[in-house]
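Morning, everyone. Let me put the sequence and the model on the screen, and then we'll walk through it.

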Amino acid sequence: MCSAPDQNADLPAGTDLSKESVVVGKVTSRGSPVGGAYVRLLDGTGEFTAEVVSSASGDYRFFAAPGTWTVRALSRSGNGQSEVAVGGPGLFTTEVAVA
Amino acid sequence: MSRQDALVSADWAEQNLDAPNTVFVEVDEDTTAYDGGHIPGAVKLDWKTELQDPVRRDFVDKAGFEKLLSSKGIANDDTVILYGGNNNWFAAYAYWYFKLYGHQAVKLLDGGRKKWELDGRKLDTEVPQRPATQFTAQEQDSSIRAFRDEVVNAIGTKNLVDVRSPDEFSGKLLAPAHLPQEQAQRGGHIPSALNVPWSKAANEDGTFKSDDELRKLYSEQGLDSSRPTIAYCRIGERSSHTWFALHELLGETDVKNYDGSWTEYGSLVGVPVETGDGKS
């Protein structure tokens, strides 16, 4: 495949979206991207799974197994979270608004 | 050991940035974090290029560690305050590593870089110039480091604590969910290991949970404190975090970190591997 569904996802070379489930998105505050936020991936029971820091453009990325996930962001502009259901391999996008 | 000996708060750190014989050291996986801004006066340590042997899979030797700390301007009578990103994973790893080489005056900044940043405390880009020292290390303290044969022999006899996420423990994933899943070894865990993810020992802001909460956590998960304990993860950094909680905060006496961890164990020929959640 030459083109990824989301050009901004910036996936590492070798990522195979026919096999891997990737959750990506932006952290935003009143519509503007929030860089430097601590983005936490929590599983269906609310248990912590992974954490990354959002890029200057507010982007984050996780490699996840199928399931229902909560993406929770902590930042100096506030905290927020959103849910994403990963049904199988592919790219899943969810924005997280903090306030 | 106790909490007061092993941890400092962000408030304490902010008030002691210029304290004599005190050196702040940032340890990261991604050392560009330091370059973009660090605690004023802190020096940088790269866990991969500076703490690992460049050829063999092992740590730098005693002479190498002495040379490294001397070049960083860290002396034997300095208290080293470690902090870093990733909820202090690599800072806890460095803490364990400093203790391994006998430097006892080392403490961890509770909450690490995350709490410091979320609190809006000052970060600086100026790189301090510290004059070189003559640091001397001790021989490695084998009472806190486990190797593979000891781990295989510990199955069913010692506490084995697998501190990875449940999906790594069960074998669904081979690495934490924020990293590419490129490893070739088998997925699963060491038979008889308890799965107590490192994150259960930490609050959302990266600080450690209270001693009471930690004690409750490990006893509820079935850790038998009358037996020796070996903690492991994928490459030994998250298990340093749990080693710190058990050995330094709770004062459990016989706790080792298995730094070979799953990237070694999961590639060994002929050893038993268990998959699933370990509860059936």
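Which strands does helix α5 of chain B lie across? Helix α5(B), residues 85–100, lies across β2 (22–28), β3, β4 (79–83) and β5 of chain B. Its angle to β5(B) is about 175°. Axes here are lines fitted to C-alpha atoms, for helices over the stretch in contact, with angles from 0 to 180 degrees between N-to-C directions. Contact means heavy atoms within 4.5 Å. Helices (H or I, at least four residues) and strands (E, at least two) are DSSP runs, numbered from the N terminus.

Some ground rules. This is a predicted model: local features need pLDDT of at least 70, side-chain atom pairs count only at pLDDT 80 or more, and totals for chains, interfaces and linings use all residues. Residues are numbered from 1 along each chain as its sequence is written, chains are lettered from A and ligands numbered from 1 in the order in which they are written, and side-chain values use heavy atoms, with hydrogens and water left out.

Stay with chain B. Its five-strand sheet is open, ordered β1-β5-β4-β2-β3, and the pairing is parallel. Two strands pair if DSSP finds at least two bridges between them. At the edges are β1 (7–8) and β3 (43–46) of chain B, each pairing on one side only. Two bridges join β1(B) to β5(B). Leu7(B) has Leu108(B) as its bridge partner.

Now chain A. Four strands make an open, antiparallel sheet in the order β4-β3-β6-β7. β4(A) and β7(A) each have a single partner strand, so one side of each is left without a neighbour in the sheet. From one strand to the next, the twist averages 20°. Five bridges link β3(A) and β6(A); Val39(A) is partnered with Ala73(A).

How do the chains meet? The contact takes 21 residues from chain A and 20 from chain B. Together they bury about 1800 Å², 57% of it on carbon and sulfur atoms. That is accessible area (1.4 Å probe) lost on being put together, summed over both parts. In chain A, Tyr38(A), Phe48(A) and Phe63(A) lose the most area to chain B, together 31% of what that side buries.

Charges next. There are three salt bridges between chain A and chain B, meaning a side-chain nitrogen of Lys or Arg within 4 Å of a carboxyl oxygen of Asp or Glu. One of them joins Glu51(A) to Lys114(B), with the closest N and O atoms 2.6 Å apart.

Notes. Buried area is the accessible area (1.4 Å probe) that two parts lose on being put together, summed over both.
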